[in-house]
Amino acid sequence: MSLPALIGDIGGTNARLALVYPGEVTPHDIINLPCADYPGVVEAVQDYLNRVGAVGQNAPQEACLAFACPVHAERVKMTNNHWDFLKSDVQQALNLSLFKVINDFTAQALGVPHVAAKDLVEVQPGTSQAHATRLIIGPGTGLGVAGVFPGQHAWIPLPTEGGHITFAPTDDTERAIVDIFKQHHARVSVERVLCGQGLLELYQAHCTLAGIAPQLNHPADVTDAAKQGDELAIAALLRFLKILGDVCGDATLTMGARGGVYLCGGIVPRLLDWLPNSELCSAFTNKGRMNIYNADIPIWVVTAPWTGLLGAAEALHNEEVY
C-alpha cells in the first residue's frame, strides 16, 4: 500500500494533524496538538509522526497544511501564535517531495463538498444549483469568507478577505452600536462584530445602551448567560445572528453563490437552538429588489468536526491549488 500523506489544519491555538491514504479524503489518526507546546511547525509534525508511528520508511512524502494566516509568500508568520517559518525549510526538514501550504479558510471551502449530509443542518431551504459558486463563511477567532466553484476537472477555491469589509449598520440600534465600537476601533469591519470578541463587544454595547455595567468578560459567558435568560446577552446573541444574515446575504449577491451558503467556524454550530428565533434568514433575504434571488438559496450550518482536514486532503492533488 502506498504511503499516506500528512494533512493539517493549524490555527492560533491548536494544530489538528492527520494522515490520509492516496485517493481518499477521509482523515485518520487525528491528533490535536497545542501550538504553544512546540517551537515551530516542524517540531509539532515530528512529534505527531512519532506518536502515530509514521517514521522512517513509513514517513509521509507528501503533505498539505492549512494555516490561519496569509500564506501567499515564502515566509509564513502565524497571526495568533509564535510560529514563523519558510516553506522550503519545512519541506526540507520533513523530507517531503510535495508540500502545499494553504489558508485555513481555503481548506474549509475545499472541505465543504466532502462533508456528509448528516453533518449539514438546514437553516433555510432552497434550490442549490450544481454548477454555481458556494459561499463558505464562518465566525470564530475572526471571520473567514471564501467560495468554492465546481470546475471542469476539480473544485476551484475562491479565497477572499471578505471578513475585512466595512460593517454597514441597517437600523438605529446598529448605528448606535457602531458609534460604541468606534470608541475602541479606528475602523469597524464585519470581522470586528462577527467573531468571538465581537460577540462580547456586542453584549458590552447593549449594556452601554441600557445604562448598565457589563457583568460578563468572555464570549462564552455571553452564550451561557443567554441560556440562563439574561436579556442583554440574549439581545447581543440575536443581534449577532441578524448581522451574520446581513453579511451572508451581501456576500451571496457579490459572489453569485447560487450553490448555497455554508456556515462554518467555531461559533454558529453552538447556536443551533437560537437560529429558528433569530433574524438570520430574514436579514439574508432583505435585499430589496434582490429579495427573491436570495430567498431561493439554501443555507446550512456545517457541524462536521474536521472540515479543514477534508479540505487539506482535497487540496493535496487538486490541480487548481498551488
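Entry 1: I began with the second largest pocket, which has a volume of about 300 Å³. My note on terms: on a 1 Å grid over the protein atoms alone, a pocket is an open set of points where a 1.4 Å probe fits, with protein on both sides within 12 Å along at least five of seven lines, and lining residues have an atom within 4 Å of a point. The volume is the space filled by probe spheres set on the points, and grid points are joined across faces, edges and corners. I found 13 residues lining this pocket, and Ala-220, Thr-223, Gly-266, Ile-267 and Arg-270 are the closest to its centre. Helix H7 (219-227) gives the most to the lining, with 4 residues. H6 and H7 each supply at least two. By class I get 6 nonpolar, 5 polar and 2 charged residues in the lining (Ala, Val, Leu, Ile, Met, Phe, Trp, Tyr, Cys and Pro count as nonpolar, Asp, Glu, Lys and Arg as charged, the others, Gly among them, as polar).

**Entry 2: ground rules.** I have to remember that this is a predicted model, where local features need pLDDT of at least 70, side-chain atom pairs count only at pLDDT 80 or more, and totals for chains, interfaces and linings use all residues. Residues are numbered from 1 along each chain as its sequence is written, and side-chain values use heavy atoms, with hydrogens and water left out. Helices (H or I, at least four residues) and strands (E, at least two) are DSSP runs, numbered from the N terminus.

**Entry 3: H4 and its partners.** At what angle do H4 and H6 pack? I read about 105 degrees for H4 (residues 172-181) and H6 (residues 196-210), with their axes 10 Å apart. That makes H4 roughly perpendicular to H6 (65 to 115 degrees; under 35 is roughly parallel, over 145 roughly antiparallel, the rest oblique). Axes are lines fitted to C-alpha atoms, for helices over the stretch in contact, and angles run from 0 to 180 degrees between N-to-C directions. In this contact (heavy atoms within 4.5 Å), H4 residues including Ile-177 and Phe-181 meet H6 residues including Leu-202 and Leu-209. The contact of H4 with H6 divides into 7 nonpolar, 3 polar and 1 charged.

Next I checked H4 against helix H8 (residues 231-255): about 100 degrees, axes 13 Å apart. Thr-173, Glu-174 and Ile-177 of H4 and Arg-239, Lys-242, Ile-243 and Asp-246 of H8 make this contact. I noted 2 nonpolar, 1 polar and 4 charged residues here.
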